[in-house]
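Open the model in your viewer and keep the selection tool at hand. Each stop below says what to select and what is there.

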Amino acid sequence: MKIKKKEIVQFIKFAICNQTAWLGDLGVFTLAYEVGELHYILAKALSYTTGAFISYLMNRKITFRAKDRFLSKKLLKFIAVNCLSISLSLGSMYVFNDLLGLPVWAGYFLSILFSFSTNFIGNKFWVFRE
C-alpha cells in the first residue's frame with residue numbers, strides 16, 4: 001500500500017492541531033489536578049473535554065477542511081469518537097495509576113497513546129471522511 005503525499009500532510013496537520021489541543025488539555029489538567037486538587041479522573045475528564053473542543057475547531061478547518069456548519073452530523077460523530085476516546089483514556093489512566101501503581105503524571109502521558117490513535121482513525125475514516 002502506497003501512502004500518498006496528501007495523506008502524510010493530513011496526518012502532520014492532524015498531529016499539529018492535536019498538539020495544540022493537547023496543550024489546552026495539559027493546562028486544564030495541571031490546574032485542576034495540581035492547583036484545584038481534583039481527583040485525577042475528574043481532572044482528566046475536564047481537561048480532555050477542553051482538548052476535544054479545541055481539536056474539533058482546528059481539525060475541521062485546518063486538517064479536514066470541512067465546509068458544513070459547526071453544528072452538524074460531523075459534530076455528533078466527533079462527539080461519539082471522543083466518547084470512545086475519553087473512555088479509553090480514563091480507563092488506561094485507571095489501569096496505569098490504580099492497578100499498576102504508576103504516578104498520575106505517567107498515567108496521564110501514557111493515556112495519550114490511546115486517545116491520539118483512536119481520534120485519528122475515527123476522525124479520518126468516519127467523522128471527516130470525504
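Helices (H or I, at least four residues) and strands (E, at least two) are DSSP runs, numbered from the N terminus. This is a predicted model, in which local features need pLDDT of at least 70, side-chain atom pairs count only at pLDDT 80 or more, and totals for chains, interfaces and linings use all residues. Residues are numbered from 1 along each chain as its sequence is written, and side-chain values use heavy atoms, with hydrogens and water left out.

**Stop 1: the nonpolar patch**

Select Leu-84, Leu-88, Tyr-94, Val-95, Leu-99, Leu-100, Leu-102, Leu-110, Leu-113 and Phe-114. Together they form a nonpolar patch on the surface, with about 880 Å² of accessible area. Patches take residues with over 30% relative accessible area and no salt bridge; like charges are joined within 9 Å, and nonpolar side chains (Val, Leu, Ile, Met, Phe, Trp, Tyr) within 5 Å. Areas come from the Shrake-Rupley method with a 1.4 Å probe, and for residues only the protein chains shown count as cover.

Now colour helix 3 (73-99) and helix 4 (104-127): each supplies at least two residues of the patch. Which helix gives the largest share? Helix 3 does, with five residues.

Zoom in on Phe-114, in helix 4. Phe-114 counts as partly exposed because its relative accessibility is 37%. The scale is this: buried means under 20% relative accessible area, exposed over 50%, and partly exposed in between (1.4 Å probe, protein chains only).

Tyr-94 lies in helix 3. At 40% relative accessibility, Tyr-94 is also partly exposed. Leaving out residues up to four places away in sequence, Tyr-94 touches Tyr-40 and Leu-99. Contact here means heavy atoms within 4.5 Å.

**Stop 2**

From Tyr-94, go to Ser-111. The two are 17 residues apart in sequence, and their C-alpha atoms are 9.5 Å apart in space. Ser-111 is found in helix 4. Is Ser-111 buried or exposed? Its relative accessibility is 0%, so Ser-111 counts as buried.

Show the neighbours of Ser-111. Beyond four places in sequence, Ser-111 touches Lys-44, Ser-89, Ser-92, Met-93 and Phe-96. A polar atom of the Ser-111 side chain lies 2.7 Å from the backbone oxygen of Tyr-108. A polar contact is a pair of N or O atoms within 3.5 Å; within protein, one must be able to donate a hydrogen and the other to accept it, and residues adjacent in sequence count only if both atoms are side-chain atoms.

Move along helix 4 to Asn-119. Asn-119 has 8% relative accessibility, so it counts as buried. Its side chain makes a polar contact of 3.5 Å with that of Ser-85. Leaving aside neighbours within four places in sequence, Asn-119 is in contact with residues including Phe-14, Asn-18 and Tyr-48.

Other buried residues of helix 4 include Val-104, Gly-107, Phe-120 and Val-127. The buried residues of this helix pack against helix 1 (5-35), helix 2 and helix 3.

**Stop 3: the nonpolar cores**

Select Tyr-56, Phe-78, Val-127 and Phe-128. Of the 14 residues in the largest nonpolar core, these touch the most other members. Helix 2 (40-63), helix 3 and helix 4 give two or more residues to this core. Helix 3 gives the most, with five residues. A nonpolar core is a set of buried Ala, Val, Leu, Ile, Met, Phe, Trp, Tyr and Cys residues joined through side-chain atoms within 4.5 Å.

Tyr-56 touches Phe-70, Ser-72, Lys-74, Leu-75, Phe-78 and Phe-128, not counting residues up to four places away in sequence. Another core lies apart from this one; it has seven residues, among them Tyr-40, Ala-43, Met-93 and Val-104.

**Stop 4: a salt bridge**

Select Lys-44 and Asp-25. They form a salt bridge, with the closest N and O atoms 3.0 Å apart. The rule asks for a side-chain nitrogen of Lys or Arg within 4 Å of a carboxyl oxygen of Asp or Glu. Lys-44 lies in helix 2 and Asp-25 in helix 1, so the pair ties together parts that are 19 residues apart in sequence. Both Lys-44 and Asp-25 are buried.

**Last stop: a loop**

Finish at Glu-37, in the loop between helix 1 and helix 2. Glu-37 is not a glycine, yet it has a positive phi of about 55°. At 67% relative accessibility, Glu-37 counts as exposed.
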